[in-house]
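Please look over the model shown here.

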Amino acid sequence: MSADIITTVTIAAETAVAVLTAADQAAIHDYALAEKSPATRRAYRSDFAAFTVWCAGRSLDPIPAAPETVAAFIADQANAGFRASTLGRRVAAIAYAHALAGLEPPTSSKAVRVVLGGARRKIGTKPAQKAPATAERIAAMLIALPDTLTGKRDGALLALGFAGAFRRSELIALKVVDLSFETEGLRVHIRHSKTDQEGRGQEIAIPRGTKLRPVKALEDWLEAGKIRAGPVFRSIDRHGRIGAGLSAQSVALIVKRHAEAVGLDPHDFAGHSLRAGFLTSAAEAGADLLRMMEVSRHKRVETVQGYVRRANGFKGHAGAGFL
């Protein structure tokens, strides 16, 4: 949880419970932070801050917030053009802040549920989809890469990100210790992911390949960057000096930059394009659905079936014989 919400929660909680010791408060803070992933905490911090600012402008309390306050906030955000997914996440952030304070979340009231449901129905819940960076597109990007340190890093990120159907958060969290190189390819240990919040860990295999050759691209980057430990993907300044690990936004910018370099519209691409690209290419190649899920680590078959339907929409069409 973000420091902003934790602070607000602490102030609210002190009005209802006895003052805790410093050690108790520190322990609560640490475990509250660990309950959500870093990406979720960043999103909740932004969402709760937006709610707090909105409340301040109307002299309303953000916590404890009245159901009518949250309902009005949702309506105002919907009128401002925010997507249904954003509204849902902001409601979740408000609910979580109240739960941490030991307060009944106002978001559970019927008034809030009705307004949120109406906003979703009016706005529409279909997510904005980015174009998939398919195998063909990744191949074009790799060919166009400059033979520089940055080029080697970007090539490894594009090839590995595609081959492992990685999320941005998973790519930037990879460390050298998570990699196990073998004759046939690479085994990657993923410590945390969107579908593994408790950190049980997941492992996927990346074949060496004969076309995109993702394992070779990764080996070349690690060798050129002299990276023996720590984050796999790192920043590089204009003097060629390697710095700290990349941010999720950096991954998106790298994908956009190389999409544009091969004549594609960069606005159509983002970090998720690598993951979507693998699933789309696998579906087009007729890969088994369950084997696709082994790589992508999706929990729901329906999600992956969406990629299959889109990729094969024209193959074996029911009307192919008479249209």
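At roughly what angle do the axes of helix 4 (residues 67–79) and helix 5 (residues 84–100) cross? They cross at roughly 155° and come within 11 Å. Axes are lines fitted to C-alpha atoms, for helices over the stretch in contact, and angles run from 0 to 180 degrees between N-to-C directions. Helices are DSSP runs (H or I, at least four residues), numbered from the N terminus.

This is a predicted model: local features need pLDDT of at least 70, side-chain atom pairs count only at pLDDT 80 or more, and totals for chains, interfaces and linings use all residues. Residues are numbered from 1 along each chain as its sequence is written, and side-chain values use heavy atoms, with hydrogens and water left out.

**Helix 4 against helix 5**

Helix 4 and helix 5 are therefore roughly antiparallel to each other (angles over 145 degrees count as such). Helix 4 passes helix 5 in a right-handed crossing: the near helix is turned clockwise from the far one by less than a right angle. From helix 4, Val70, Phe73, Ile74, Gln77 and Ala78 meet Leu87, Arg90, Val91 and Ile94 of helix 5. Contact means heavy atoms within 4.5 Å. By class, the contact of helix 4 with helix 5 has 7 nonpolar, 1 polar and 1 charged residues.

**Aromatic rings**

The structure holds 5 aromatic pairs. Rings of Phe, Tyr and Trp (its six-membered ring) pair if their centres lie within 6.5 Å; planes over 60 degrees apart count as edge-to-face, under 30 as stacked and the rest as tilted. Two of the pairs are tabulated.

| Pair | Type | Centre to centre | Angle between planes |
|---|---|---|---|
| Phe48 and Phe51 | tilted | 6.3 Å | 55° |
| Trp54 and Phe73 | edge-to-face | 5.5 Å | 70° |

Trp54 lies in helix 3 and Phe73 in helix 4, so their pair ties together parts that are 19 residues apart in sequence. Phe48 and Phe51 both lie in helix 3 (residues 38–56), 3 residues apart, about one turn of the helix. Both Phe48 and Phe51 are buried (under 20% relative accessible area, 1.4 Å probe, protein chains only). Trp54 is buried at 9%, and Phe73 is buried at 2%. Ring pairs link Phe48, Phe51, Trp54 and Phe73 into a cluster.

**Leu142**

Leu142 is found in helix 7 (residues 135–143). Leu142 touches Gly155, Leu158, Ala159 and Leu212, not counting residues up to four places away in sequence. Leu142 and Leu212 are 70 residues apart along the chain, yet their C-alpha atoms are separated by 7.9 Å.

Key: Helices (H or I, at least four residues) and strands (E, at least two) are DSSP runs, numbered from the N terminus. Angles under 35 degrees count as roughly parallel, over 145 as roughly antiparallel, 65 to 115 as roughly perpendicular and the rest as oblique. Ala, Val, Leu, Ile, Met, Phe, Trp, Tyr, Cys and Pro count as nonpolar, Asp, Glu, Lys and Arg as charged, and the others, Gly among them, as polar. Buried means under 20% relative accessible area, exposed over 50%, partly exposed in between (1.4 Å probe, protein chains only).
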